[in-house]
Amino acid sequence: MKEKNISKLLVDNILYICLIIMIVVIAIISPSFISVRVLSDVLIQSAPKILLAMGMLVVIVAGGMDMTVGRLAGLGAVISGTLAQQSTYYLKFWPNLPELPIIVPILASILVGMIMGAITGTIISKFKVPAFLAGVGLQLIIYGGNLLLMKKAPNNSQPLAGYTTNFTNFGTGSIFGINYLIIVAVVVMVIVYIILNKTTLGRNIYATGGNREAAKVAGINVYRIDLFVYMLCGALAALAGCMLAARTGSANATYAEGYEMDAIASCIIGGASFTGGIGNVPGAFLGVIIFSVISYGLTFVGLSSYWQNIAKGIIIIVAVALDMRKYASEG
């Protein structure tokens, strides 16, 4: 009985155990890894991916999947970048456009993300196109459109740069020593947590993902649920792109390439289920942090970035296998 309890404790807390083991091993190799500066760097690098994971979490809980978020983040980075350039920049994307308040490029990107999310949700929910295939098709369209936009003269496919100080400060500035991107990520996590756990909308999202037909019988408008979760996911993806552009001081169409897989993996190893109806904010956040610790930690100790993919793959397989074992034992 005691062994069974220990086994259950290990399975239930496997993510925390993995994270602690990784931090300990990296700290043994390089003790300076344990510092406030490193913690801050990890959280800053994680912030855009946290937004992507939060959007993906809501979609997965509702029983869907959004493969467009990586390309949408790239589009968000480009759109915000074209609207955030200094008026004196020699390759200004919109030559006659005056310098705009920082809120304009951010809101413009979010609006485009919401529109693309609405299109994705409609194609999947109304036209019954499988989420994976719809996402693959739409991400190609988004990427192609982004490349065409970047090709416009006088930019001619050059990386965007020359941002206003206010915009770059959004990515690199801080208040009370806390980077703005970390604050945005925390606020988004709180909002998503409240939506999923404290509102009728959240209960309907879980119900839709748990059993779509039963949700319809119960009077839930599943199309509206789909529309909401994909629009929210699109908006957060575009905002994540703004954060990337502001932090790096540049942008191009390839930004956030492949980030959709990181977002999905973070949710799944955090306890979300592809079948829908299961998932939580703390788990998705922890999934992002684990991957960030892998990426940052291995680079910190001087190992090749190729090992990051191997480590990520092992973590995903082990976490999902243990998760399946947990649900099987509960069943």
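The axes of helix H3 (residues 36–61) and helix H11 (residues 222–248) come within 8 Å and cross at roughly 170°. Axes here are lines fitted to C-alpha atoms, for helices over the stretch in contact, with angles running from 0 to 180 degrees between N-to-C directions. H3 and H11 are therefore roughly antiparallel (over 145 degrees). Helices are DSSP runs of H or I with at least four residues, numbered from the N terminus.

The model is predicted: local features need pLDDT of at least 70, side-chain atom pairs count only at pLDDT 80 or more, and totals for chains, interfaces and linings use all residues. Residues are numbered from 1 along each chain as its sequence is written, and side-chain values use heavy atoms, leaving out hydrogens and water.

Which residues of H3 and H11 make the contact? On H3 they include Ile-44, Gln-45, Leu-51 and Gly-55. On H11, Tyr-230, Leu-236, Met-243 and Arg-247 are among them. Contact means heavy atoms within 4.5 Å. The residues of this contact divide into 19 nonpolar, two polar and one charged. Nonpolar covers Ala, Val, Leu, Ile, Met, Phe, Trp, Tyr, Cys and Pro; charged covers Asp, Glu, Lys and Arg; the others, Gly among them, are polar.

Now the loops. Pro-154 lies between helix H6 (131–150) and helix H7 (165–172). A cis peptide bond joins Ala-153 to Pro-154, with omega about 5°. Ser-157 is also in the loop between H6 and H7. Ser-157 is not a glycine, yet its phi is positive, about 70°.

Ala-256 sits in the loop between H11 and helix H12 (259–269). Its phi is positive too, about 65°, although Ala-256 is not a glycine. At 7% relative accessibility, Ala-256 counts as buried (under 20%).

Conventions
Helix = DSSP H or I, 4+ residues; strand = E, 2+ residues; numbered from the N terminus. Parallel < 35°, antiparallel > 145°, perpendicular 65-115°, else oblique. Buried < 20%, exposed > 50% of the residue type's maximum accessible area, 1.4 Å probe, protein only.
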